[in-house]
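Please keep the structure open while reading the points that follow. They are meant for someone who has not looked at it before.

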Amino acid sequence: MIYQFYEMNHAAVAPFRAAADAMRLFHTNPLNPLSYTAMGRSMAAGLELFERVTRRYGKPEFGLPTTVIDGTTVRVTEDIVWSKPFCNLIHFRRDLPAGRAPDQKILLVAPMSGHYATLLRGTVETLLPNAEIYITDWIDARVVPVTDGRFDLDDYIDYLIEMVHHIGPNTHVIGVCQPSVPVLAAVALMESAKDPLAPASMILMGGPIDTRKNPTAVNQLAQEKPLEWFRDNVIMNVPWPHAGFMRPVYPGFLQLSGFMYMNLDRHITAHKEFYEHLIKNDGDSAERHRDFYDEYLAVMDLTEEFYLQTVDTVFIKHALPEGKMMHRDRLVDTTAIRNVALLTVEGENDDISGLGQTQAAHTISPNIPDHMRMHYMQPDVGHYGVFNGSRFRREIAPRILEFTARHARGGERPNPVKRVIKGGKAG
């Protein structure tokens, strides 16, 4: 009944939240003399803080209407080019300058671990000037009717293979965090089947390929509890009136609660500083806080079968590094990978996927030629710094683009990639 109580609590607080928002508008109205006083700003700050910590955050927008290519600003349009009940494939179609050669095609596989694909907005924005970007836009299980059927890890892998087929030859695939395992599995299955549309390269970033290496708090929890514990304690039915009513799910708010608890002091400090920024009328700092938490607090539910199969396969049995992972009735044989280049990226301070967990992909894929593999560890970044932020833009993204360009197959060679270095210069 926890999910039902969560919904009831949200509904019960709604009138107070609305009243707080109305009072905030009153205290920030320029026609109100109190808005120019410390007391008025303190009242407005407290009311906004209350409204924000009690609201439900909806799915954010990517909000990338333009990008800059060769010094020219061009329009970007989001097109859904492939769709299934649990995922849409979005293509960020760019209005390329006349005569420009096609860029490399990159399938960006977003995590299906509680947050929306917009968590990778910065990743998309950084790569857009040099690549045709496609991204998996996973759909909240809470809004998928039970009549649309199940979705598990096997379905996830099938989705990835279908999307690579849809995009076509010479596709590069980037798996960020959770997708690293299904991406590696999908590539292994395609290589085993001698699929001519197997990706040209795969980039695995901060993913749990082998969670026995430098286990984190997340890994240790999965090891300490049997699968039945997760089924009994974190699986709940979607309450009415959501479209997915009665679908068994792992609720997003539980995942978010776990992540918040891991860094509780940091989040408390951030909200305290947000309150102080509002009182000081520091609009820029307050807006950065809003932008971050609008994204971070927007969460989605996962289907029961996907969540439990992932926990069992990846975190309890370590099936992929043990060479025992099955996709339906087929063994996932990573030694079959010979023609797909592999780049792994880790963050020095990653507290979700410890150092060595992603690099393990090289160990279990021994038949990839040495000249087609590379590992990079980024100093001084945590989990989110692996795929977002200034160090990603300066150090990681250029390495990804250079790697994919180097291992493109056939056809015209992609346009040269400008490398961004410290100081923001390109060369």
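1. The buried residues of helix H11 are covered by elements that include helix H4 (153–167), H5, H6, H7, strand S9 (248–250) and strand S10 (302–303). This is a predicted model, and the remarks here apply to it as such. H11 is mostly covered, with 10 of its 13 residues buried. The buried residues are Glu305, Phe306, Tyr307, Leu308, Thr310, Val311, Asp312, Thr313, Val314 and Phe315. Two of the charged type, Glu305 and Asp312, are thus on the buried list.

2. After H11 comes His318, which has a positive phi near 50°. His318 sits in the loop between H11 and strand S11 (326–327). Most residues other than glycine have a negative phi; His318 is not a glycine, yet its phi is positive. With a relative accessible area of 8%, His318 is buried, because the cut-off for that label is under 20%.

3. Asp70 also has a positive phi, near 55°, and is a residue other than glycine. Its place is in the loop between S1 and S2. Is Asp70 buried or exposed? At 55% relative accessibility Asp70 counts as exposed, since the label requires over 50%.

4. Trp240 and Pro241 are joined by a cis peptide bond, with omega about 15°. Pro241 belongs to the loop between strand S8 (236–237) and S9. Most peptide bonds are trans.

5. Next, the sheet. Nine strands form an open sheet with mixed pairing, in the order S1-S2-S3-S5-S4-S6-S7-S13-S14. Strand S1 (66–69) and strand S14 (373–378) are the edge strands, each pairing on one side only. On average, neighbouring strands of the sheet are turned by 25° against each other, direction ignored.

6. Two pairings show both senses of direction. S1 and strand S2 (residues 72–84) run antiparallel and are joined by four bridges; within S2, Thr73 stands opposite Val68. S6 and S7 run parallel and are joined by five bridges, and Ser201 in S7 stands opposite His172. Strands of a sheet pair through backbone hydrogen bonds in either arrangement.

7. How many of the five residues of S7 are buried? Five of the five are, so S7 is largely enclosed by the rest of the structure. In a regular strand the side chains alternate between the two faces of the sheet. In S7, Ser201, Ile203 and Met205 point one way, while Met202 and Leu204 point the other way, and all are buried.

8. Helices lie against this sheet. Helix H5 (residues 180–192) lies across strand S4 (104–109), strand S6 (171–176) and strand S7 (201–205), and runs at about 160° to S7. Helix H13 (residues 390–406) packs on the sheet as well, touching S4, S6, S7, strand S13 (341–347) and S14. The direction of H13 makes about 180° with that of S14.

9. The largest pocket holds about 1000 Å³ of space. Its lining has 31 residues, and Leu119, Phe292, Tyr296, Tyr384 and Asn388 lie nearest the centre. Helix H3 (121–127), helix H8 (252–262), helix H9 (264–279) and helix H10 (283–296) are the elements that give two or more residues to this lining. H10 gives the most, with eight residues. By type, the lining of the largest pocket divides into 11 nonpolar, 12 polar and eight charged residues.

10. The second largest pocket has a volume of about 900 Å³. Its lining has 39 residues, of which Val218, Tyr250, Gln255, Phe259 and Tyr307 lie nearest the centre. Two or more residues of this lining come from each of H5, helix H6 (217–224), helix H7 (227–234), H8 and helix H11 (304–316). Which types of residue make up this lining? The lining of the second largest pocket divides into 29 nonpolar, 10 polar and no charged residues.

Methods. Residues numbered from 1 in each chain as written. Predicted model: local features only at pLDDT ≥ 70, side-chain atom pairs only at ≥ 80, totals over all residues. Heavy atoms only, no water. Pairing = 2+ DSSP bridges. Axes fitted to C-alpha atoms, helices over the stretch in contact; angles between N-to-C directions. Contact = heavy atoms within 4.5 Å. 1 Å grid on protein atoms, 1.4 Å probe; cavity = no way out; pocket = protein on both sides within 12 Å on 5 of 7 lines; lining within 4 Å. Points joined across faces, edges and corners; volume = space filled by probe spheres on them. Buried < 20%, exposed > 50% of the residue type's maximum accessible area, 1.4 Å probe, protein only.
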